[in-house]
Amino acid sequence: MPDRTDAGRPMLRLRELTKRYRGQDRPAVDRLSLDVAAGELMVFVGPSGCGKTTTLKMINRLVEPTSGSIELDGEDVTHVDPNRLRRRIGYVIQQTGLLPHLTVGANVALVPRLLGWPSARVRARVDEMLELVGLDPAEHRDRYPRELSGGQQQRVGVARALAGDPPVLLMDEPFGATDPLTRERLQNELLRVQAEVRKTIVLVTHDIDEAIKLGDRIAVFGERSRLAQVGTPDEVLGRPADPYVKRFVGAGASLKRLHLVRLDAVPARPFPTARVTDDPALVRDLVVRSRSGSVLLLDAAERPVAWVAADDLTPLPADLAGVGLPATATLTAEATLHDALDVMLGTDGAGVILVDGDGRFRGVVGLDEVMAHVARLHAESRRHDVAAAAALGSAEGAA
Amino acid sequence: MSGGGRGRWAGLAARPLVVALLLGGLWLWLRGQELDSIERRTINADYLLRATREHLWLTVVATLAVAALALPLGVLLTRPALRRVAPGVLAVLGVGQAVPAYGVMVLLTLRFGVGFRVAAVALVAYSLLPVLRNVVTGIGQVDPALVEAGRGMGMSRAAVLWRIELPLAVPVVLTGLRTAMVIGAGVATLATFVGAGGLGDIIINGIKLGRTPVLVTGSVLCACVALALDWAGAVAERALSPRGVS
């Protein structure tokens with residue numbers, strides 16, 4: 001995973017943040033300290049009632065902290081005017097919160113208008129934001145929220161939160177109320193938008209899979225906002241800090257980790273290839289000499305066309321057009337090992353063909369390569385466990 | 001939705017037609033009657049118009065006063081600080097609602113004498129509670145997520161009230177006002193007992209003198225006033241309700 005943060009400069013600093021509600025003897029959030037770097041997507045994940053939403057709402061002071069401090073871009077905002085503060089922090093909630101009596105355009109324009117932008121700039125910004133979230137401005141600007149689907153409404157919610165160009169975006173279970181298909185689309189959409197705008201985002205979810213998929217870092221909340229672990233998805237999955245995190249991450253952690261490895265992290269193996277236009281007899285010689293007993297046929301633009309085995313070439317055809325098993329299982333280097341495994345299990349299991357952005361052949365990734373990588377991950381985790389146990393042992397010995 | 005909209009407009013267009021038919025029918029029927037001198041003293045254009053005007057004026061003034069009182073009061077009762085006392089306040093006012101309007105008028109007369117103002121105050125007292133209740137309900141039914149979204153975007157409490165809560169409460173508030181106004185148009189006939197005029201004068205005359213044409217004229221005019229006000233209320237609802245909300 002590429003490092004998306006710029007030099008780790010914290011955009012948000014939470015220090016000893018505490019919230020006590022009257023009539024409750026235990027604080028809802030207890031002395032929580034956390035930095036979120038500029039441009040980072042930080043996910044708060046944890047079971048309901050762990051204080052993750054309360055913590056989120058203390059950042060824009062919808063919930064006033066009892067004690068502790070919040071710094072935004074180096075400025076202490078614990079006691080500034082909350083209305084002004086909130087115009088600098090985008091806010092997306094699960095129920096979208098779109099005002100039903102305002103058009104989509106007017107909803108998106110709310111914060112820019114509060115900021116006092118001139119109307120021409122507001123209009124341009126509305127269209128820009130709608131385009132950013134994949135909604136045609138001309139078609140959607142003048143419609144009312146209830147005329148849109150749930151997924152479209154949530155996109156408008158994101159567009160509205162970004163409209164005032166805030167450095168920070170808070171998202172409270174933004175995709176919680178959508179169906180699984182829409183949720184996945186919206187998640188991908190968010191990653192795409194984030195790659196474009198690079199905001200500092202704090203997103204709350206109770207879904208560990210969502211956290212793994214979206215987060216640059218994940219903060220796993222335990223009871224009363226105890227931060228059980230803060231780390232990259234790979235760290236949380238591969239080296240859970242304690243049994244609580246391990247339980248919360250749940251079964252299938254190894255499988256989930258495959259989501260985090262891009263195909264280009266695994267060495268693709270070269271594979272004998274031939275052109276569709278080549279002489280069938282020469283290709284047959286190649287097949288016979290190859291280790292796997294097959295050759296990949298490429299077209300003039302080096303795009304994979306078909307797998308050819310010896311059987312396909314007896315009797316020898318006049319030319320190679322239409323010969324062999326169509327090579328459909330192709331992936332680009334941006335795909336994950338999880339995608340690769342999925343494709344392998346869905347086809348004959350021989351392997352997936354790695355292609356570049358133009359569809360040109362780059363290599364083949366087989367089950368062996370994936371397994372080798374998994375073995376490497378395991379070895380790494382074990383080394384860490386051993387190191388941790390050793391550290392623990394020496395600490396106990398000292399005590 | 002467009003079909004429903006058309007139906008709503010059709011309903012609005014039908015109302016004035018009914019009023020016109022009622023008035024036309026009344027006129028035709030009166031033309032066929034032999035009116036004696038006593039009846040003619042009441043059933044003449046000048047007198048009928050004056051009584052109708054008084055009646056309308058009383059109803060409209062009372063309704064506007066109710067709106068002017070119920071809206072700020074309802075807003076206050078839905079603010080976080082007072083939200084918890086709202087049910088208590090409504091219950092106390094509910095006691096006033098149970099007292100008959102006629103009783104209120106008579107009691108007020110004992111203290112303030114007779115006239116338009118006493119009648120108006122009685123009408124206001126009578127219809128304040130249902131309207132207030134609708135204002136509280138109307139603002140209360142606004143989705144809390146919308147209020148939170150507004151606050152989260154940096155809108156002040158006042159901005160949230162003016163731009164989110166009140167616009168979304170408009171349909172419920174106007175329905176309450178319209179109902180109160182129509183009931184008020186009926187109750188306003190009692191104004192005759194405190195010397196405030198109106199169509200009640202004609203109806204009571206008809207009863208006291210045993211003159212059916214007078215009684216019928218007063219009653220039909222009263223019904224027409226109520227229908228016309230209801231129609232005006234429906235038009236206002238249609239015009240003022242926010243778009244984008246079903």
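Modeller: Two strands pair if DSSP finds at least two bridges between them. Helices (H or I, at least four residues) and strands (E, at least two) are DSSP runs, numbered from the N terminus. The model here is predicted, with local features needing pLDDT of at least 70 and side-chain atom pairs pLDDT 80 or more, while totals for chains, interfaces and linings use all residues. Residues are numbered from 1 along each chain as its sequence is written, and chains are lettered from A and ligands numbered from 1 in the order in which they are written.

Biologist: Which strand order does the open sheet of 4 strands have in chain A?

Modeller: Strands of a sheet pair through backbone hydrogen bonds, either parallel or antiparallel. Here the order is β11-β12-β13-β14, and the pairing is mixed. β11 (273-275) and β14 (325-326) of chain A are the edge strands; each has a single partner strand, so one side of each lacks a neighbour in the sheet.

Biologist: In which sense do β12 and β13 of chain A pair?

Modeller: Antiparallel: β12 (294-298) and β13 (304-309) of chain A share 5 bridges. To find your place there, look for Leu297(A), which stands opposite Ala306(A) in β13(A).

Biologist: And which helix lies across β11, β12 and β13 of chain A?

Modeller: That's α13(A), residues 280-289, running at about 140° to β12(A). Such angles run from 0 to 180 degrees between N-to-C directions, with axes fitted to C-alpha atoms, for helices over the stretch in contact. Contact means C-beta atoms, placed from the backbone, within 7 Å.

Biologist: What about chain B: how many residues of chain A are in contact with it?

Modeller: 20 residues of chain A meet 17 of chain B. On the chain A side, α2 (82-87), β6 (89-93) and α4 (110-114) each supply at least two residues, and α2(A) gives the largest share, 4 residues. By class, that side has 11 nonpolar (Ala, Val, Leu, Ile, Met, Phe, Trp, Tyr, Cys, Pro), 4 charged (Asp, Glu, Lys, Arg) and 5 polar residues (the others, Gly among them).

Terms used. Two residues are in contact if their C-beta atoms, placed from the backbone, lie within 7 Å.
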